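Keep the viewer open as you read.

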Amino acid sequence: MSEIAVALKLVVSAAAVASILVILGRRQFSGLLLAWAIFSAGLAATMLSDVIGGIPAPLAASLAIAACASCSCFWLVSRGLFRVDVGFGWPQAILVGGIFAPSIIKQALIALPADQLLGEASLSGIIAALLGFQTMLSSTVLVLAFWEGVRGWSAKQSRPERRFRIGYLATFGCGVAICVMLLDHGNSTRIDPALMSLLQASCAAAIFLVAGLGVIWRTRTPLIEEAPVEPALSAPATTEERAMGRWLRQRVETEQLYLDPELKVASLARRLREPDYRISRAITAGLGERNFNRFINRYRIGHAKTLLRDRTRRESSILDIALDSGFASIGPFNRAFKDSEGVTPRVYRGSPSPAGARNTGQTAPDVLTH
């Protein structure tokens, strides 16, 4: 039984390393893929620490610290799976850093060596307190990772989306229940060690497989961020607003202002030497657009469609296409493109050229019909 557990852990480690290499080769470092790569590194470190004996002290310390990513960063993976963006800020950094800190401090105390300075009893007490704090934070992020799959649940979601959430919640929930509640984080004395090792390896493999498939699926089927609905216009567009809308559209098209990833209403107004409110009114009332982002993204997506159909750009990555079309990162580009075209940029590139599609020249005016 122990041989099967060792083999399974080695397979999981190899698969985790392979997934990191695939992500590095894609050059598309979205928040979800970055979180998955770090989690995979932590999982590989955890599995290797369990199966490799006689590891030199510096390497063992490095693996122990890296293993913290298997728990903390899986929460970030869950955020990326069920949110439009991972959203890594100070609260997330503090919680994730709090999980790493006890292992770093523990390894530093061992390396000093602190037992000669503090005494073995004091050192044991400090390490026990650190591990208890780490266990508390680890349990917290495990609960948060499960909650990410629950929040946002809606009957309006597509059947594949609901099935994905159910599969994720069932696999992750069972895995955590077995490892935390039944096995007590691997500290249970009521279960045979060989069986415990096999159960831990099986849970890790199941979670890695289901979550990995989820990352692939989410990359191809990104969540769409609902655009805020502009409030109803208090008055119909005036002749001046319609004229200004036409002038604004001409400037955006001829000068390709949409290729600026930092373009906002305020910066556009400054460039055109007009008040912000007049630019906003020209877009919503004069042109009948929903909002500024929708207006600009129409041009960016049109430009991206041209590049995706351009045979001379076949070697360009989707990330390069996104950046060359005025998007600041791959995530917003994928979401905006799928929202507009119904398919991801990668699927659009690989599909046969639609009837009447223009393969050269600026395509944005074709999609801007009013």
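F74 is buried, with a relative accessible area of 4%; buried here means under 20% relative accessible area, exposed means over 50%, and partly exposed is anything in between, using a 1.4 Å probe and protein chains only. Before going on, note that this is a predicted model, in which local features need pLDDT of at least 70, side-chain atom pairs count only at pLDDT 80 or more, and totals for chains, interfaces and linings use all residues. Residues are numbered from 1 along each chain as its sequence is written, and side-chain values use heavy atoms, with hydrogens and water left out.

So what does F74 pair with? Its partner is F172, and the two rings are stacked, 5.0 Å centre to centre with 25° between the planes. Rings of Phe, Tyr and Trp (for Trp, the six-membered ring) count as a pair if their centres lie within 6.5 Å; planes under 30 degrees apart are stacked, over 60 edge-to-face, and the rest tilted. This pair ties together distant parts of the chain, since F74 sits in helix 4 and F172 in helix 8, 98 residues apart. Helices are DSSP runs (H or I, at least four residues), numbered from the N terminus. F172 is buried as well, at 5% relative accessible area.

The structure as a whole has 14 aromatic pairs.

Several of those names come back in the largest nonpolar core, which has 41 residues; W36, F39, F74, V77, L81 and Y168 have the most contacts inside it. A nonpolar core is a set of buried Ala, Val, Leu, Ile, Met, Phe, Trp, Tyr and Cys residues joined through side-chain atoms within 4.5 Å. Which elements give two or more residues to this core? They are helix 1 (2–26), helix 2 (31–51), helix 4 (69–82), helix 5 (90–111), helix 7 (120–150), helix 8 (159–182) and helix 9 (193–220).

Leaving out residues up to four places away in sequence, L81 touches L32, F164, Y168, G214, V215, R218 and L223, where contact means heavy atoms within 4.5 Å. Is R218 buried or exposed? At 5% relative accessibility, R218 counts as buried. Apart from neighbours within four places in sequence, R218 is in contact with L32, G80, L81, F82, E161, F164 and L223. Now follow the chain onwards to T239: R218 and T239 are 21 residues apart in sequence, but 45 Å apart in space, C-alpha to C-alpha.

Next, some helix packing. Two packed helices are described by the angle between their axes and the distance between the axes. The axes of helix 10 and helix 12 come within 8 Å and cross at roughly 95°; axes are lines fitted to C-alpha atoms, for helices over the stretch in contact, and angles run from 0 to 180 degrees between N-to-C directions. Helix 10 and helix 12 are therefore roughly perpendicular, the label for 65 to 115 degrees, with under 35 being roughly parallel, over 145 roughly antiparallel and the rest oblique. Helix 10 brings E240, E241, R242, M244, G245 and L248 to the contact, while helix 12 brings R278, I279, R281, A282, I283, A285 and G286.

Helix 11 (residues 265–272) and helix 12 (residues 276–286) also have axes that come within 8 Å, crossing at roughly 105°. Here V265, A266, L268, A269 and L272 in helix 11 meet D276, I279 and S280 in helix 12.

Q256, in the loop between helix 10 (239–254) and helix 11, has a positive phi near 50° despite not being glycine, and is partly exposed at 34%. R273 is found in the loop between helix 11 and helix 12; its phi is near 55°, again positive in a residue other than glycine, and R273 is exposed, with a relative accessible area of 77%.

Finish at helix 13, where N297 is found. N297 counts as buried at 18% relative accessibility. Leaving aside neighbours within four places in sequence, N297 is in contact with F327 and A336.
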